[in-house]
Amino acid sequence: MSCKEWEERVALHVGGDLPAEIASAVERHLAGCSGCQVLWSGLRESLELLQAAHAEPLPPAAYTAVRARVLAELSMRRQPWWRWAAGLAAAALLLLVALAVRPLPKVEPLPPLALAVPPAPSVRAMAIPAPPRPKPRPHLAAAPRQPLLVRLVTNDPNVVIYWIAD
Amino acid sequence: MTLAAAAMADAAESSQEYLGLIEAAKAGDLAAFEHLMRRHERLVLMTAYRLLGSLPDAQDVSQEVFLRLYRNLGKVESTGSLSAWLYRVTSNACHDARRRKRPESPVEFAEDLRDTVADPHQAAAEAERRRVLSMSLRRLPPKERDALVLRDLEGLSTEEVARALGTSTATVRSQVSKARVKVREFVERYFRSR
C-alpha cells in the first residue's frame, strides 16, 4: 500500500474517525513512514488552526437581530387583513386632520428681481424679403396714415439705421 | 463543549419543558417560539456563518430557517430530530444563498490570496490566519465544506452529519478526509509563501 493510499486513512485518523483496528494499523504505518508522519502532523496542525479560528463566539447582538426580525415578520403575518386596513385608514385620517389644522406657513415676500438686459444684437446688412402686401381693407373712418418707422441700433454707436415703410 | 452537544444536552435536560415549548409554539404562542429560537440560535447562526463566511448572509439564512421552522413545527416530533432538522435546513438554505450570489471562482479566490500576500501591513497575524482558514473553507466544494464544518467545527458524529446532510456515513467519511487534506495543503502553501 503506497503513502497516497494511506492518505485518506491518515486524514480520518486525525479526527478520530476510524474504528480501533484500522486506527492501530495507521499507527503502525506512521511509526515507520516519515512521509506519512509529515502528512499527519500537517493535518493535525491545520485542523487545530481551523478549530481555533472558528472558536470565537459571535456577538450577542447578531442573535438578537435575527430573533427580532423573525418575531416581527411572524407578528405581521398573524394580523388579519382588516386590522391592516383599519390601521392604514386611521393613519391616513390622522394625516388629513394634521394637514387641515396645521397653520399655513408665512410666505416671505420675494426680493425684487434684478433684470439683466442683454445688449442689442448686432445687425448686419442682409436682404430682407418684402412682406406680402396685405389685402386692402375697407376704411370705416378716414384716418391720417402714418408711415412706419423702424430704428435699428447697431454695435457701433455712430451707425443707426432707419427703415421707413409706407 | 461543541454547539451541537450543548444544544442536545440542553434539550435532553428538560425534554418535558422543551416539548411543552414546541406544543405552545405550534398553538401560536410567539413567546414560546422565541424560547425555542434562543435554544437553537447558536446552532443555526454559527453553522450558517461557518458555511457562508459572512455574518449578514448568515443572519439572512438564519431568519429564513426559523421562519421555515415556524411553518413546519407540526413535523417536529422530538428534540433530537429538531437539531438534525435544523442542521439539514440550514445547510440547504446556505446552498441556496450561495447559488443566489455570484459563484466563487478559483480566480476570485487567487485574487484574495494575492491581496493578502501582497499587503505586508495586514492587521494582526491572528486575524490574518483566521482569514486564510476561512478562505480555505470557501475554496472547498460545497458538499465537502458542509461535511467538514459539521464534523470538525460543529462536532457532530459521522452518523449525525450523514443524517443532517441526507447521505451515507461512507460518503461523509470520504468528504471529510478529502476536505481535511485540501485545507492542510492550502494552509501549508499559504504559510510557505510568506
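This is a predicted model: local features need pLDDT of at least 70, side-chain atom pairs count only at pLDDT 80 or more; totals for chains, interfaces and linings use all residues.
Colleague: Let's start with chain B. How many helices and strands does chain B have?

Modeller: Chain B has ten helices and zero strands. From the N terminus on, its elements read α-α-α-α-α-α-α-α-α-α.

Colleague: What share of chain B counts as buried?

Modeller: Of its 194 residues, 39% count as buried.

Colleague: And its contacts? What share join residues at least 24 apart?

Modeller: Take the contacts in chain B between residues at least 6 apart in sequence. Of those, 67% join residues at least 24 apart.

Colleague: Now the core. How many residues are in the largest nonpolar core?

Modeller: That core has 58 residues. Leu45(B), Ala48(B), Ala147(B) and Val161(B) have the most contacts inside it. Helix α3 of chain B, residues 30-52, gives the most to this core, with eleven residues.

Colleague: You named Ala48(B). Which residues does Ala48(B) touch?

Modeller: Leave out residues up to four places away in sequence. Then Ala48(B) touches Ala58(B), Val61(B), Ser62(B), Thr90(B) and Cys94(B).

Colleague: Which residues of α4(B) are buried?

Modeller: The buried ones are Ala58(B), Gln59(B), Val61(B), Ser62(B), Gln63(B), Val65(B), Phe66(B) and Leu69(B). Ala58(B), Val61(B) and Ser62(B) are also touched by Ala48(B).

Colleague: How many residues does α4(B) have, and what does it reach from first C-alpha to last?

Modeller: α4(B) has 17 residues and reaches 24 Å. That is close to the 24 Å expected at 1.5 Å a residue.

Colleague: Switching topic. How many residues of chain B are in contact with chain A?

Modeller: 31 residues of chain B are in contact with 28 residues of chain A. On the chain B side, the elements that give two or more residues are α3, α4 (55-71), α7 (125-139), α8 (142-153) and α10 (169-193).

Colleague: Which of them gives the most?

Modeller: α10(B) does, with nine residues.

Colleague: And how do the residues on that side divide by type?

Modeller: The side of chain B that touches chain A has 15 nonpolar, five polar and eleven charged residues.

Colleague: On to chain A. What is its pattern along the sequence?

Modeller: Chain A follows α-α-α-α-α-β-β. That is five helices and two strands. Buried residues make up 10% of its 166 residues.

Colleague: What about its contacts? What share comes from residues 24 or more positions apart?

Modeller: In chain A, they account for 45% of the contacts with a separation of 6 or more.

Colleague: How do α1(A) and α3(A) meet?

Modeller: Helix α1 of chain A covers residues 3-14, and helix α3 of chain A covers residues 34-53. Their axes come within 10 Å and cross at roughly 35°. The crossing of α1(A) and α3(A) is right-handed.

Colleague: Which residues make the contact?

Modeller: From α1(A), they are Cys3(A), Trp6(A), Glu7(A), Val10(A), Ala11(A) and Val14(A). From α3(A), they are Gly35(A), Cys36(A), Leu39(A), Trp40(A), Leu43(A), Arg44(A) and Leu47(A). The residues of this contact divide into ten nonpolar, one polar and two charged.

Colleague: Cys3(A) is in there. How far apart are Cys33(A) and Cys3(A)?

Modeller: They are 30 residues apart in sequence and 8.4 Å apart in space, C-alpha to C-alpha. Cys33(A) is in the loop between α2 (20-32) and α3 of chain A.

Colleague: Why does Cys33(A) count as partly exposed?

Modeller: Because Cys33(A) has 15 C-beta neighbours inside 10 Å. Buried would take 20 or more, and exposed 12 or fewer.

Colleague: Last one. Is Leu152(A) buried or exposed?

Modeller: Leu152(A) is exposed, because it has 12 C-beta neighbours inside 10 Å. Leu152(A) lies in strand β1 of chain A, residues 148-153.

Colleague: And how far is Leu152(A) from Tyr162(A)?

Modeller: Leu152(A) and Tyr162(A) are ten residues apart in sequence. In space they are 6.1 Å apart, C-alpha to C-alpha.

Technical notes:
Residues are numbered from 1 along each chain as its sequence is written. Chains are lettered from A and ligands numbered from 1 in the order in which they are written. A nonpolar core is a set of buried Ala, Val, Leu, Ile, Met, Phe, Trp, Tyr and Cys residues joined through C-beta atoms within 7 Å. Helices (H or I, at least four residues) and strands (E, at least two) are DSSP runs, numbered from the N terminus. Two residues are in contact if their C-beta atoms, placed from the backbone, lie within 7 Å. Ala, Val, Leu, Ile, Met, Phe, Trp, Tyr, Cys and Pro count as nonpolar, Asp, Glu, Lys and Arg as charged, and the others, Gly among them, as polar. The expected span of a helix is 1.5 Å times one less than its number of residues. Axes are lines fitted to C-alpha atoms, for helices over the stretch in contact, and angles run from 0 to 180 degrees between N-to-C directions. A crossing is left-handed if the near helix is turned anticlockwise from the far one by less than a right angle, and right-handed if clockwise.
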